[in-house]
Each structure stands twice: as C-alpha cells, then as structure tokens.
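Q: I am new to this structure and would like to learn how to read it. Could we work through its features one by one?

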Amino acid sequence: MIALSVAAVLAVFILYTSVAGAGTPQLQPSDLATHRQGDVMLVGRVVGAPTGDAHAAGGLHFVLKDAKGRNNAARVPVRYAGTVPDLFRAGREVVVEGSLRDGTFVAKPGTLSTKCPSKYAPAKKST
Amino acid sequence: MAALGRAALLLSFGLVVYALVAGSLAAWKRRRRLALSAQNALLAAFATTAVAVVVLWIALARHDFSFVYVADHTSRTLPLGYRLAGLWSGQEGSLLLWLLILTGYSALAVWLNRRTRDLVVWAVPVLAGVASFFVVMLCFISSPFATAPAPADGAGMVPSLQNPYMLAHPPLLYLGYVGLTIPFAFAMGALLSRRTDERWIVVTRRWTLAAWTFLGVGQLLGSHWAYVEIGWGGYYSWDPVENAALMPWLAATAFLHSVMIQEKRGMLKVWNMVLVALAFCLSIFGTFLTRSGVINSIHSFSQSPLGSWFLGFIVICVVFSVVLIYLRLPLLRTKTKLESLVSREATFLYNNLLLVALCLTILWGVMYPLLTEAVRGETRSVSKPYYNFFLHSFGLPLLLLMGIGPLVAWRRASLRALGKTFLVPALAALVTGSTLIALGYGSSTPGLLTYTFGAFVAASIGLEFVRGTRARHALSGGSWPGALVELVGRNRRRYGGYLVHAAILMLAIGIAGSSAYQTVRERGLHPGQSMEIAGYTLTYLRLEQRQEANAIATRAVVDVSRGGSHVTTLDPGKNTYPVEQQVSNEVSIYHDPRNVGDLFTIADQIDPKSQVLFLKVLVKPLVNLIWAAGFLFVFGALVAMWPDAVEQRKLAERYAANAVAA
C-alpha cells in the first residue's frame, strides 16, 4: 500500500520532469556565445548607464558582463520591456530571462530582477 | 565591553562542550551526579550566552562603533528599535541569537522534564552537541565582538529593512527553526537510551507545536512584509530563501500528524524518527541556504566562509540520525498493522506522504541548480511553473484530506457509515462547484478545485463542531455558546487542531482567490486620463512631491471610483533616498470589504518632466483571508497547546501503569 502510494507520487514527479523538461539554464554573459538556442536565465552585472524606456516602443537597453570574474571581456547588450526593479542601475547584479537574437539578448517582458543588496550584508559592501 | 562579550562566549563554549562530553559519559556509564552536572552546565550556558547578547545590545544601543559589528549594521541616526534589531540584521549577531534561543530552549526543556530522567540524560548531550557547533562558529569563525578603531558613524541599515516587520519576522523564524532542535534531541535521546515508546513524543509535543507555530507565523509575516513593502503585487515567489523556511515547516506538519498515530496505535515509529530528523536537518539546511550564498536567490547574502562549516554540520547531523535510526530499527518494530485503507490511520498516512512529497519536490527544486552544475557542468534552475505544478498536484489532495480525515473512524471505517457522514460535505462541495462553474469561475481549474474542496472541508469542520456541541449540550445542558466553549476546553488538541485546519483552509482560499482570479492591468497615463479594471475606474489626477525625514517622496494621486461614485483616493509613488542613493516603490492599497480583496496600485514609472505615470494595477480578490488566517492559526495552535491538567494526569497514570507492567 505504502509502496503503491510512493510509486504514485514518484510517477507524478517523473511525468512532470519528462513533459516540462528540466529547468532553464542559468548563464553568465561569457557562456552565452557557446550556448545553443532557447530560453535562458542570464545573470550578470550592469555596465554603464542604461538607455531607453522600458515602457516605450524601443524598450530599455543595457549591457551586462560577468558578475563572477571568470571572463571580464564578455559583454552582452540586452533589450527589455516591462517593470524595472527599484534597485536596477549600473553596477548591480541582475537576472533576466530571454534568448539571444542577432547578438542582442531579447528579454521576456517583466522578467528582470535585481539581487537585492542583501538582507544581511552591511550596506558598505553593496556596490 | 567587547572583552566581556568574548569572555562570556568562551565560557559558553566551555560549558556546552562540557555538557556534551560529561553528558555523554554520564549517560553511557549511568552516572547520576555527572548527568546532573551536565544539565546544570547547559543551564549555565544560557546565562553566559545571555550576557554576551546583553553586551552586544548595549553596544548597539550606545553607538559603540569600536565594535565592527555595530559599525557595520547601524548608524547614529538609526532609531533605538532598529539598533536593537541589529542583533539579527547581520550574520554574527544572527548566530548569537540562534545560540541564545537554543540554550534558552534547552535549559527550559531540561528543567521542565527533569523528572523523565532516562530521556533527558541522553537529550542533554544531543542539545549540547548542536549548541557546540554554533558556539564554535561564534568564538572562532565569526565573532560578533571583533573590534577596530571606531569610525565617526556606522554604515547604517538598508532602508528596506527599516520597517516594523524587521522587529518581528526574523526572530519569529529563529524561534521556529531553533525550536525544532528540541523534538530532535529528545527523539535521538530516546533512541540512544533505547526508550522507544511514545514518551519522547508526549514530552516534546508542545515544543514541536510551538516551533511549528512560530515558523508558520514568521513566514506569514514575511509574506505580508513582501506584499506591502517590496511592491510587486505578490507575497511568495518560491525563492530559495522562502523555501528554506517552508520545507522544515512542511516536514514538521507531517510530523505533528504522524505522531498521533504512534500515540494512539503505536505505529509509524521509524517514520516519526525519520520525520523529526528531516525537520531538524532542513532547519539547519535553511540556515545554510541563507548563509552560504551557494544558490542564486533574489535575497543575495554576504558570501561567507560559514557555508562549508554548515555543510559539514548538516552531513554530521544526517549521518548521525540515519546511523542511529538504523541501529535501533529492531526496537522500532511495531506490533500493530494498518487494518484498512479506509481508516483514520490511512488518511493520516496519505497526508504524510503528500506533505513529505511536497517538501521533497521543493527541496529538489532548490537543489536543482547545484545538482545540474555538478552533473552536467551547466547550472539550470526551475521556477514558478515547477513549484506551482507540485503545489497543485500535492496540495489540492491535501486540502481535500483535511476534510475527509476527521470524519473517518479509527481502525476500520464502514463504507455505509462513511456515506452518511460525507453526505453534507459532499453536497456542499457539489453545490459550490456547480454554482462557481455557472458564475464563470471555471477559468482556472486549480482555483475552482480549491474553492470546491474548500466547501467540503468547511462543511466537514463545521459539522464536527455542531455535532460535538450538540452532544455536550445534551450532556450538561446550559447555554449553547457555553456548550461550545466547554467542548473545545475539554478536547483542546482536537478542536484546536480543527481551528488550525480552518485557518489553513482560509489560507488556501485566499491564495487561490488572489492568484488564480487576480486581474492585472498596466497603462501609461497623462494627468486627467483614467483606466478601467474589474469594475473600478482609476483616474490619475496629479503628481505631488514632498520632503520627508530622509527621503524625497513622489506620489501620484489617483482617484478610484466604481459605478460613478467615488470609492477612495490612492497615492502610489516612489521614495528617493539621497544618502543611500536608493529608490523604493511605495505601493498604495485599497482593502475592498466587498470581496475581502485588495485594489493594489504600483507607480511603475514616473516621469517628473512630462508627468506621465506608468500605472500597474492588480485586483486581488480574497487576499486578506491570508492575513486573517494568521490570527486563527495562532489562536488554534494556542488552544491545542494550552496545558491540560486532565491530560497530564491521564498520562501520568498511564506511565505509572507501564512502569509497573515493565
């Protein structure tokens, strides 16, 4: 009986992972060049001042680099529309979901989030 | 001052290590006096840790910036309340608070149970072992009493933390996390002393219940904080740090239910041991998640060397529990078996499987980035759809079980009797379901199912109260309300449990209403323009700016009307903090008494030059049920926890009888 119930629970789980696939890759800008097509979560640090308007036709434009310094040269331009978090600005680490199209990372609307400067870290350490 | 703090912590270190070593030796060699001495050491460790906490609090209150910790987490302008909250706004202070709560709980648990000698004797070294880990961290790895030449002013506290929730949310979570150590220690103590009857469960029932309540309320407060302050219109986002608290809560929920089977029928002994160990290890894992920065979270924490220490400690805890349970398996065999798949026991079992399944799928989701990184070399993560899928597939049956369980008889239920008891709840569900479909609520299947199952559960809980009150009234006469109070008072565990069920039901309905049936609309507006949403008309009137104590507040004045008549005026906007160079969203919410829901407005973007406002509006029906559920949850838990002299006497008699029989 118990075995049967456990099997049922496992079946639901396996069913999900086989139908819905196995998660979204998390990449840094330097990984993006080698990555195949499809949606990814891009994690990076904002370089330079963002331009444009996230609520206008052209969208918001900004550039991301690796947040953890494996490769400091890689830069990816991002185009984004939708809600911009309060903490978004140059120097912040952000996560955005989307895919690379012709050299520009086109984000899905409303997927931009910043990592908050931390609940616990002292303010002086937040960049 | 710092020297005093350091000295106090060193004393704590000596005391808990002594309690660990002497306590183990005393239990091993059955030395009564040594065991007492170990218990006293644990009590004394609470006193020395309290001294350390007081030292840090005084330093925080007096702006003693020679303490690195004080300088890093507070500033001269910070109000006293937040300065004291500085104790848990940083890592070292949080660890110290953890140790204080742990030694405090341990001292109280040991003192309250000093008569159940055989259990306490072994619980002491387990408690001391856990405390040793934290005190080693505090003394040698991450000291709150490090000093440096004092700067003129401290770094201050992140503005978003300067909020009354900061005073309650973290300490409540800690009270919950740490509280799970007590049942764990007594369970392991029972295994070590080979006393594998249900005594340890009886001794720790209220501890588990209290820890579980703190953890639940702490999470709910955190959700409310996020809802009204962060301003994205939600209250839970399946973030690893949120999940960190949810997982041990789910495991503890399963444990609270399955121990009843052991108490009543002597079954599930191994399972209960596994659950209590799981809940404890998950509470440590939760701390590890929030401290190590190993998993990407929207709460990014300071990366610290503590991660690997915690990982090591988790491994020790898991190995210790698994090995101990394995060694004692022969003692944990049960004589009674499940008699029928349709019985109270069986519904408890289904409930447990679903809760643990939900807990483990969340754990899998949280660990997924680490696992894929290790196996495939590429970090992949799962998000909302993954969690929602499992919440629906495991949570909805759980909800339904909450209505079925209390109606099914112990041991073996006859199908005919079941048909009779289920008639009213099933009818209630049927009527609710079909009415809702007719009204167009079929747009969301999970939402519709939640409401329908909810009607079933509500009817089932209501029936229990009606039946019980009627019986009590027939027995003792008097007034009806008097009979109800007497009923609850005489069966606190049972009816307290039902009240908690009712709270969980409200929570489920609130979540379904505010997520499955919410309406979201966003638009750019010029002054004078309006937008429509779910029957409301919102008109953007003008922009206002004012100077506040430490921020410049920009507010959009928005008139809200319905059917041509004015309802309220909202003022979503943004605060700009020049010193901290931060902007924060200030949402404006109208609580609508008609649907217990909220009209939630966010000024997504404000252009001060053109005065254009980009307004995001959410209509979230029933969302206030979630917060109301919190009050009922605490009330129900208190009823279930309240000391009961009759119950104590019965237990005492039972153990006296057992002792004679043995």
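Q: Which residue takes a positive phi in the hairpin of E9(B) and E10(B)?
A: This is a predicted model. In this hairpin four residues lie between the two strands, and B:Val596 has the positive phi, near 50°. The strands E9(B) and E10(B) themselves run antiparallel and are joined by five bridges. One pairing to look for is B:Ile589, whose bridge partner in E10(B) is B:Phe600.

Q: How many bridges join E10 to E11 of chain B?
A: There are eight, between strand E10 (residues 597-606) and strand E11 (residues 613-620) of chain B, and these strands run antiparallel. Within this pair, B:Thr601 has B:Val617 in E11(B) as its bridge partner.

Q: In what order do the strands of the open sheet in chain B follow one another?
A: A sheet is read from one strand to its neighbour. Here the order is E2-E11-E10-E9 in chain B, four strands with antiparallel pairing. Strand E2 (519-525) and strand E9 (588-592) of chain B are the edge strands, as each pairs on one side only. On average, neighbouring strands of this sheet are turned by 15° against each other, with direction ignored.

Q: Is B:Leu358 buried or exposed?
A: Burial can be judged by counting neighbours. B:Leu358 counts as buried because it has 24 C-beta neighbours inside 10 Å, where 20 or more are required. The residue is found in helix H13 (residues 344-376) of chain B. Leaving aside neighbours within four places in sequence, B:Leu358 is in contact with B:Leu250, B:Phe390, B:Phe394 and B:Gly395. Distance along the chain and distance in space are read separately: B:Leu358 and B:His392 are 34 residues apart in sequence, and their C-alpha atoms are 9.8 Å apart.

Q: Why does B:Glu653 count as exposed?
A: B:Glu653 has 10 C-beta neighbours inside 10 Å, and therefore counts as exposed. The residue lies in helix H20 (residues 645-661) of chain B. Between the C-alpha atoms of B:Glu653 and B:Val158, which are 495 residues apart along the chain, the separation is 56 Å.

Q: Which residues touch the most other members of the largest nonpolar core?
A: This core has 189 residues, and those with the most contacts to other members are B:Ala19, B:Leu42, B:Leu99, B:Val124, B:Ala131, B:Ala251 and B:Ala279. Apart from it lies another core of 20 residues, including A:Leu27, A:Met41, A:Ala54 and A:Tyr80. Returning to B:Ala251, its contacts beyond four places in sequence are B:Leu275, B:Leu278, B:Ala279, B:Leu282 and B:Cys359.

Q: What can be said of chain B as a whole?
A: Chain B has 20 helices and eleven strands. Of its 662 residues, 48% count as buried. Its radius of gyration is 27 Å, which agrees with the value near 26 Å that a compact globule of 662 residues would have. Along the principal axes, the C-alpha atoms of chain B fill a box of roughly 85 × 75 × 60 Å. Among contacts in chain B with a separation of 6 or more, 71% are between residues 24 or more positions apart.

Q: Where are the domains of chain B?
A: Domain 1 covers 1-161 and domain 2 covers 519-621. The centres of these two domains of chain B, taken over C-alpha atoms, are separated by 46 Å.

Q: How do the elements of chain A run from the N terminus on?
A: The order in chain A is α-β-α-β-β-β-β-β-β, made up of two helices and seven strands. Of the 127 residues of chain A, 31% count as buried. Of the contacts in chain A between residues at least 6 apart in sequence, 48% join residues at least 24 apart.

How values were computed. Residues numbered from 1 in each chain as written. Chains lettered and ligands numbered in written order. Predicted model: local features only at pLDDT ≥ 70, side-chain atom pairs only at ≥ 80, totals over all residues. Core = buried A, V, L, I, M, F, W, Y, C linked by C-beta atoms within 7 Å. Buried ≥ 20, exposed ≤ 12 C-beta atoms within 10 Å, placed from the backbone. Contact = placed C-beta atoms within 7 Å. Domains from an automatic or database assignment. Pairing = 2+ DSSP bridges. Axes fitted to C-alpha atoms, helices over the stretch in contact; angles between N-to-C directions. Rg over C-alpha atoms; globule rule 2.2 N^0.38 Å.
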